[in-house]
Amino acid sequence: MPRQCEICQNSRAILRRPKTGQSICKECFFYVFETEVHNTVVDNKLFTRGDRVGIGASGGKDSTVLAYVMKTLNERYDYGLSLYLLSVDEGISGYRDDSLETVKRNKEQYGLPLLIVSYEQLYGWSMDSIVEAVGRKNNCTFCGVFRRQALDRGALMLDLDHIVTGHNADDVAETILMNVFRGDIPRLGRCTEIATAGDGYVVRSKPFKYAYEKEIVMYAYFKRLDYFSTECTYSPNAYRGYAREFLKDLEAVRPSAILDIIHSGEAMQVAADVQLPSLTTCERCGYISSNRVCKACVLLEGLERGMPKLGIAKTVKKTQELLAGKPSTRKADAVPIVHFEKLREEALAMRHQRMAASDASSSCHKAACVCAASEPDNTKGCL
């Protein structure tokens, strides 16, 4: 006899939730998944009405489901957000170029504007050329550092208030484990935060922080969403992969292990006598950094000098100190790195223009306004 849905008690159960073990029907699964994400948004007060929110879109399952759910919740609960798709083209042939085609289809399917920024455009290097220079062992370091900064640069180009990413509960738990294994206290304190300040101008958050990866896949499957499912060409040797396998083994024994790790990470407190690095801005590019020269600028310096391991060696802190106060040795024909202060100024100017246009459109005291020409006292209002 088919099992009944444990929530509605009417329809036949067609799946078992990995997160709770409940046997439920498809419609109830959609409802509880979307409601849990909505509760995460509301409980953590992630957005303010009128915010311009960029969705980090890679074409993969997480970002595709995030775009669909954000659009759905924005309309259902009237968040009052302006949504945009923001993608980063790392320059990985046979992988990112295909996934970006999925993002472009999502743009049409969801009716959201799209901006694509590329490593080549921003830094003058693609991941293919970086891997050629550094090899496959440490390439993820370059990609992670450059992608984070590229998202913030794209956000400023669109004058966004907020960026949301598709990082799910599995991702957060993996990051906690990685930081514990490495003894990285500063990152361990930050990785459980649902929202961070990003570059200090744009807020970045994770609405899927408590959503299981398996449930995101199930949601995409049952909703028949259009997403790209191939793994990155250069990711097999990534350190995260080992943490992921360990987490999957834990989940097989205890499904709640993912949330247990997250809650444990949230409860951890750094002792008062532990000295944490203070944040400043990079003297070269203006990006937020704990050193005078940020990691991205050090990595670029190494690539330009023909010393690609300059920014990934164990002495990277010493390297950052040595580079402080010295001009970049980038080639004359290299792509110029736009300073973040300039991007912030341009974003602020765009914001002022929008506010002025909004004020003008809401005011009836304009030369082209009928009532301004015929009714000086504005007793009848705009026609």
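Val 88 stands opposite Val 117 in strand S5, where two strands count as paired if DSSP finds at least two bridges between them. This is a predicted model, in which local features need pLDDT of at least 70 and side-chain atom pairs count only at pLDDT 80 or more, while totals for chains, interfaces and linings use all residues. Residues are numbered from 1 along each chain as its sequence is written, and side-chain values use heavy atoms, with hydrogens and water left out.

S4 and S5 run parallel and are joined by five bridges; strands (E, at least two residues) and helices (H or I, at least four) are DSSP runs numbered from the N terminus. Both strands belong to an open sheet of six, with mixed pairing and the order S5-S4-S3-S6-S8-S7. Because S5 (114–118) and S7 (195–196) stand at the edges with a single partner strand each, one side of each is left without a neighbour in the sheet.

Helices pack against this sheet. Helix H3 (residues 96–110) touches S4 and S5, and its direction makes about 165° with that of S4, contact meaning heavy atoms within 4.5 Å and angles running from 0 to 180 degrees between N-to-C directions of axes fitted to C-alpha atoms, for helices over the stretch in contact. Helix H2 lies across S3 (52–56), S4 and S6 (162–164), running at about 155° to S3. H2 (residues 61–76) has 16 residues and reaches 22 Å from its first C-alpha to its last, close to the 22 Å expected at 1.5 Å a residue, a span taken as 1.5 Å times one less than the number of residues. Since 12 of its 16 residues are buried, H2 is largely enclosed by the rest of the structure; buried means under 20% relative accessible area, with a 1.4 Å probe and protein chains only. Among these buried residues are Lys 61, Asp 62, Val 65 and Leu 66. After H2 comes Asp 78, whose phi is positive, near 55°.

The largest nonpolar core has 42 residues, of which Tyr 119, Tyr 123, Met 127, Ile 130, Phe 142, Phe 146 and Ala 150 touch the most other members; such a core is a set of buried Ala, Val, Leu, Ile, Met, Phe, Trp, Tyr and Cys residues joined through side-chain atoms within 4.5 Å. Elements giving two or more residues to this core include S4 (82–89), H6 (139–157) and H14 (340–362), and H6 provides the largest share, seven residues. Leaving aside neighbours within four places in sequence, Phe 142 is in contact with Ile 130, Val 134, Leu 299, Leu 303, Pro 308 and Ile 312.

Notes. Buried < 20%, exposed > 50% of the residue type's maximum accessible area, 1.4 Å probe, protein only.
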